[in-house]
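Please find below a colleague's note on the structure shown here. The points are numbered so that each may be read against the coordinates.

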Amino acid sequence: MSIITSASGSSIWRGLEYYKLNKVKDIKEISNYEYESTVEGTDKYNVYLNLKKPRTSKCNCPHANGKMIICKHIMATYFTVVPNSAKEFEEEQLALQEEYEEYRENQYNNSRKYLRRMTKQELIDELDYILDYAPEWVYEDFIRRNDIDG
């Protein structure tokens, strides 16, 4: 299990931000896979990073202290120690975002084509279904936009 898959998305992104802001100080290599650092945040936090066993990494911040949590300070230390991982992570996320946007655009275009092939009655039935089962705000928005009063 890698450190990135052990951390929450929030910890990864905040750690990346701390890395870019050079908040990781006093890095000390204990072994070829263990590091200690100080990370400046709201306070100064002490981090122990174990690349072989990420869950044994530690930080004395309120979020992770005494828990098996990979916090933003641990992630910032990781990105500082393995700087290529920061670049790879960002590139991967950008590629995933582009892939998702392309998927959503295809969905939208296919939905529009499908709607244009539907009969008037099929459209009415589909709208009835949407108004019955969609969240309340969708119904309220429909009423407001079409100036329909009860």
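The note covers the basis of the model, the core, the helix packing and a few individual residues.

1. Basis. This is a predicted model, in which local features need pLDDT of at least 70 and side-chain atom pairs count only at pLDDT 80 or more, while totals for chains, interfaces and linings use all residues. Residues are numbered from 1 along each chain as its sequence is written, and side-chain values use heavy atoms, with hydrogens and water left out.

2. The nonpolar core. A nonpolar core is here a set of buried Ala, Val, Leu, Ile, Met, Phe, Trp, Tyr and Cys residues joined through side-chain atoms within 4.5 Å; buried means under 20% relative accessible area, exposed over 50%, and partly exposed in between, with a 1.4 Å probe and protein chains only. The largest such core has 23 residues, of which Ile 3, Cys 59, Ile 74, Met 75 and Phe 79 touch the most other members. Two or more residues each come from helix H2 (9–20), strand E2 (34–40), strand E3 (44–50), helix H3 (72–81) and helix H4 (83–117). H3 gives the most, with 5 residues. Helices (H or I, at least four residues) and strands (E, at least two) are DSSP runs, numbered from the N terminus. In soluble globular proteins, nonpolar side chains tend to be buried together.

3. Ile 3. Which residues does Ile 3 contact, leaving aside its neighbours within four places in sequence? They are Leu 49, Pro 54, Ile 70, Ile 74, Met 75 and Tyr 78, where contact means heavy atoms within 4.5 Å.

4. Helix H4. The 35 residues of H4 should span 51 Å at 1.5 Å a residue, and the end C-alpha atoms are 52 Å apart, which agrees. The expected span is 1.5 Å times one less than the number of residues in the helix. The buried residues of H4 are Ser 85, Ala 86 and Phe 89. Helix H1 (3–6), H2 and H3 are among what covers them.

5. H2 against H4. The axes of these two helices come within 11 Å and cross at roughly 130°, which makes H2 oblique to H4. Axes are lines fitted to C-alpha atoms, for helices over the stretch in contact, and angles run from 0 to 180 degrees between N-to-C directions. Angles under 35 degrees count as roughly parallel, over 145 as roughly antiparallel, 65 to 115 as roughly perpendicular and the rest as oblique. H2 contributes Ile 12, Trp 13, Leu 16, Tyr 19 and Lys 20 to the contact, and H4 contributes Pro 83, Ala 86, Phe 89, Glu 90 and Gln 93.

6. H2 against H3. Here the axes are 7 Å apart and the packing angle is about 55°; H2 and H3 are therefore oblique to each other. The contact involves Ser 11, Ile 12, Arg 14, Gly 15, Leu 16, Tyr 18 and Tyr 19 of H2, together with Lys 72, His 73, Met 75, Ala 76, Phe 79 and Thr 80 of H3.

7. H3 against H4. These helices pack at an angle of about 105°, with their axes 4 Å apart. That makes H3 roughly perpendicular to H4. Tyr 78, Phe 79, Thr 80 and Val 81 of H3 meet Pro 83, Ser 85, Ala 86 and Phe 89 of H4.

8. His 73. This residue is found in helix H3 and counts as buried, at 4% relative accessibility. Apart from neighbours within four places in sequence, His 73 is in contact with Tyr 18, Val 39, Tyr 45, Val 47, Cys 59 and Cys 61. The C-alpha atoms of His 73 and Trp 137, 64 residues apart along the chain, are separated by 40 Å.

9. Tyr 35. Is Tyr 35 buried or exposed? Tyr 35 is buried, with a relative accessible area of 12%, and lies in strand E2. Not counting residues up to four places away in sequence, Tyr 35 touches Ile 27, Lys 28, Glu 29, Ile 30, Val 47, Tyr 48, Leu 49, Leu 51 and Val 81.

10. Backbone points to check. Most residues other than glycine have a negative phi. Asp 26, in strand E1 (residues 24–31), has a positive phi of about 50° although it is not a glycine. Asp 26 is exposed, with a relative accessible area of 59%. Asp 147 lies in the segment after helix H6 (136–145) and has a positive phi near 50°. At 67% relative accessibility, Asp 147 also counts as exposed.
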